[in-house]
Amino acid sequence: MKARMFRTRIKFCGFTRPGDVRLACELGADAIGFVFAESSKRRVEAEEARAMRQALAPLVDAVALFMDNPAEQVRDVVRQVRPSLLQFHGDETDAFCRSFGVPYLKAVAMGDAPAPGTPGAERGAIALHARYPSASGFLLDSHGAGSSGGSGRTFDWSRIPVGLHKPYLLAGGLTTENVFDAILATRPWGVDVSSGIEAEPGLKDGHLMRRFVEEVRRADCHTD
Ligand SMILES: O=C(O)c1ccccc1N[C@@H]1O[C@H](COP(=O)(O)O)[C@@H](O)[C@H]1O
């Protein structure tokens, strides 16, 4: 009969406009994501992200998202944007991810069932901890290994690895309609959303951001 003892953290991802960043902070986002993955419709240049970073309120994290970007690009973003967290969606190794001296989240592709022996197949808790010992946590997203995220699709939450002892963020197709149920079903450390708070790719909708935060808070206050 108890409500949760902590609040679910909220990461809003894929910003392209400083005004949206300012509003997201006012509404209660804990982290704001900037996408540097080559294939993304929300991709921004380091200079644009740097301007948006200046719109961040205190105590809100700036997260830089990559997918198999060259090390030189990651270094350039770290130098110009000063993110507090990195997020890697590709086949990056632990050594690569930690080499920038910034804490990182490793995204895990939960969208398909890869062949045994491929990197995506190693999704069990023990394998993930062994493969990414330096990760601050994991981000479980709906894309398949090798494909881009931010698709607005959910994945089968029953496939979340049992026994993860690092914090994890639930991502993939979360919306104002399903985030309440998603939190009660999976009890994540945090939730991450892009498409579900957008009018179109990269353009955030203030009403949807507000409703999303309200739904997360409603889940946190829910008693079983
Ligand atoms: O947002 C993108 O364009 C993107 C590109 C490449 C890898 C990851 C990407 N986004 C991440 O996916 C989650 C979930 O997105 P959605 O809510 O399903 O649209 C998003 O929050 C980013 O972390």
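Predicted model: local features only at pLDDT ≥ 70, side-chain atom pairs only at ≥ 80, totals over all residues.
## Overall build

The protein holds seven helices and 10 strands. Its radius of gyration is 16 Å, close to the 17 Å that the globule rule gives for 224 residues, so the protein is as compact as a globular protein of that length. The C-alpha trace spans about 40 × 40 × 30 Å along its principal axes.

Of the 224 residues, 39% are buried. Among contacts with a separation of 6 or more, 63% join residues 24 or more positions apart.

## The central strands

Strand E5 covers residues 104-109, and six of its six residues are buried. In a regular strand, side chains alternate between the two faces of the sheet. Both faces of E5 are covered. Tyr 104, Lys 106 and Val 108 lie on one side. Leu 105, Ala 107 and Ala 109 lie on the other.

Strand E5 has parallel partners. Strand E4, residues 85-88, runs parallel to E5 and is joined to it by three bridges. Here Phe 88 has Lys 106 as its bridge partner. Strand E6, residues 137-141, also runs parallel to E5, with five bridges between them. Ala 107 stands opposite Leu 139 in this pairing, and Ala 109 stands opposite Asp 141.

Gly 137, Leu 139 and Asp 141 point one way. Phe 138 and Leu 140 point the other way. Asp 141 is buried along with the others.

E6 also pairs with strand E7, residues 168-171. That pairing is parallel and has three bridges. In it, Phe 138 stands opposite Tyr 168.

## The nonpolar core

The largest nonpolar core has 57 residues. Phe 34 and Val 191 touch the most other members.

Leaving aside neighbours within four places in sequence, Phe 34 is in contact with Phe 15, Val 44, Ala 49 and Met 52, among others. Its contacts also include Ala 62, Ala 64, Leu 65 and Val 81.

## Two loop residues with positive phi

Leu 59 has a phi near 70°, a positive value in a residue other than glycine. Leu 59 sits in the loop between helix H2 (46-53) and strand E3 (61-66). Leu 59 counts as exposed because it has 7 C-beta neighbours inside 10 Å, and the limit for exposed is 12 or fewer.

Arg 187 also has a positive phi, near 50°. The place of Arg 187 is the loop between helix H6 (179-186) and E8. Arg 187 has 13 C-beta neighbours inside 10 Å, so it counts as partly exposed.

Key: Residues numbered from 1 in each chain as written. Core = buried A, V, L, I, M, F, W, Y, C linked by C-beta atoms within 7 Å. Buried ≥ 20, exposed ≤ 12 C-beta atoms within 10 Å, placed from the backbone. Contact = placed C-beta atoms within 7 Å. Helix = DSSP H or I, 4+ residues; strand = E, 2+ residues; numbered from the N terminus. Pairing = 2+ DSSP bridges. Rg over C-alpha atoms; globule rule 2.2 N^0.38 Å.
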